[in-house]
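My notes follow in the order in which I looked things up.

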Amino acid sequence: MSSNANSGSGNLSLVPVFEGVGYSTWATSMRAALLMGNSWRACNTPQPAATHDDYNAWNEANNKAQGAICLRVSEEIRQHLFSLNSAKEMWEYLSTTYGNP
């Protein structure tokens, strides 16, 4: 993968495709990739108002994070994520559904 393909999400090739088992290991790797790509903040902060100074930067991080997450989950899991509106919602869904209580 070229460095350009990884610019928004760290190095995704190092993150295994999540298929519903081993969430904790996957989440740790995925978070590291999102941190490297400066898009993790979209997974842990709510969307700011469109008029907020930070909106464009958050929106860019959100788009990168959503794409990265969708690329590193199985097709079956991805189908559940498409209805969600943000990387934060995706991350919370995955954590709630597959994480340990």
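Entry 1, the helix pair. I am working from a predicted model. I began with helix 1 and helix 5, which are roughly antiparallel to each other. Their axes cross at roughly 165° and come within 11 Å; an angle over 145 degrees counts as roughly antiparallel, so that is how I logged the pair. The crossing of helix 1 past helix 5 is left-handed.

Next I listed the residues that make this contact. Helix 1 supplies Tyr 23, Trp 26, Ala 27, Met 30, Arg 31 and Leu 34, while helix 5 supplies Trp 91, Leu 94, Ser 95 and Tyr 98. By class I noted eight nonpolar residues, one polar and one charged in the contact of helix 1 with helix 5.

I found Phe 18 in the segment before helix 1, which covers 23-36. Is Phe 18 buried or exposed? Its relative accessible area is 1%, and buried means under 20%, so I put Phe 18 down as buried.

I then looked up what Phe 18 touches, leaving aside neighbours within four places in sequence. Its contacts are Tyr 23, Trp 26, Arg 72, Val 73, Ser 74, Ile 77 and Tyr 98. I also checked Met 30, twelve residues from Phe 18 in sequence, and the C-alpha to C-alpha distance is 9.6 Å.

Not counting residues up to four places away in sequence, Ser 74 touches Val 17, Phe 18 and Glu 19.

I recorded six aromatic pairs in the structure. Tyr 98 counts as partly exposed, with 24% relative accessibility.

Trp 26 is in helix 1 and Trp 91 in helix 5, 65 residues apart. Trp 26 is buried at 2%, and Trp 91 counts as buried at 11%.

Last, I wrote down the cluster that ring pairs build from Phe 18, Tyr 23, Trp 26, Trp 40, Trp 91 and Tyr 98.

How values were computed: Residues numbered from 1 in each chain as written. Predicted model: local features only at pLDDT ≥ 70, side-chain atom pairs only at ≥ 80, totals over all residues. Heavy atoms only, no water. Helix = DSSP H or I, 4+ residues; strand = E, 2+ residues; numbered from the N terminus. Buried < 20%, exposed > 50% of the residue type's maximum accessible area, 1.4 Å probe, protein only. Contact = heavy atoms within 4.5 Å. Axes fitted to C-alpha atoms, helices over the stretch in contact; angles between N-to-C directions. Parallel < 35°, antiparallel > 145°, perpendicular 65-115°, else oblique. Left-handed = near helix turned anticlockwise from the far one by under 90°. Nonpolar A, V, L, I, M, F, W, Y, C, P; charged D, E, K, R; others polar. Phe/Tyr/Trp six-rings, centres within 6.5 Å; stacked < 30°, edge-to-face > 60°.
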